[in-house]
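The following note sets out numbered points for a colleague reviewing the model. Please read each point alongside the coordinates.

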Amino acid sequence: MTKNRKLEPYEEEFLKLIAKGFQLLMEEREQELKNEIAQQVTINIKEDITNSSIKNEHNNEAEILPPVCTISDVMSYFRLSRSTVSKLISTGKLKSFKYGNKPRIKREWILEYEESLIKASLNNEKGRR
């Protein structure tokens, strides 16, 4: 059985530096992996949105958003109140146009708004880590 010898101060310092360097490398690699995963998730979400048949998953799987939607359509899709949808339109967060005196929202504008919510959510999650 070998007897453990006491390390010299320079040997202890050297081992501490090696351990710290290894820890920094591991933290850096972990952050790189998190960024890669977040980027891949964002890419997958974009592909899902553009490649899907734009189904309204909130209500009925077979229901498809029409090309031009009413406030009621948006309310159903996002499960929001009329006043909340109207506020989104009046603040410009959700694009719309008037048909007669009623606001109408193009399907792609709804999906753009939904994508902006997803991106904001992903950015908030990154900030918490």
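1. Helix H1 (9–51) and helix H4 each contribute at least two residues to the lining of the largest cavity. Helices here are DSSP runs of H or I with at least four residues, and strands are runs of E with at least two, numbered from the N terminus. A cavity is a set of points, on a 1 Å grid over the protein atoms alone, where a 1.4 Å probe fits but cannot get out; lining residues have an atom within 4 Å of a point. The model is predicted: local features need pLDDT of at least 70, side-chain atom pairs count only at pLDDT 80 or more, and totals for chains, interfaces and linings use all residues. Residues are numbered from 1 along each chain as its sequence is written, and side-chain values use heavy atoms, with hydrogens and water left out.

2. The lining consists of Thr 42, Ile 45, Lys 46, Glu 115, Ile 118, Lys 119 and Leu 122. H4 gives the most to it, with four residues. By class, three lining residues are nonpolar, one is polar and three are charged; the nonpolar class is Ala, Val, Leu, Ile, Met, Phe, Trp, Tyr, Cys and Pro, the charged class is Asp, Glu, Lys and Arg, and the others, Gly among them, are polar.

3. The volume of the largest cavity is about 40 Å³, taken as the space filled by probe spheres set on grid points joined across faces, edges and corners. A search of the whole structure finds one cavity of 30 Å³ or more.

4. Overall, the protein has four helices and three strands, in the order α-β-α-α-β-β-α from the N terminus. Of its 129 residues, 18% count as buried, that is, under 20% relative accessible area with a 1.4 Å probe and protein chains only.

5. Cys 69 lies in strand E1 (residues 68–69) and counts as buried because its relative accessibility is 0%. Setting aside residues up to four places away in sequence, Cys 69 touches Pro 103, Arg 104, Ile 105 and Ile 110, where contact means heavy atoms within 4.5 Å.

Notes. Buried < 20%, exposed > 50% of the residue type's maximum accessible area, 1.4 Å probe, protein only. 1 Å grid on protein atoms, 1.4 Å probe; cavity = no way out; pocket = protein on both sides within 12 Å on 5 of 7 lines; lining within 4 Å.
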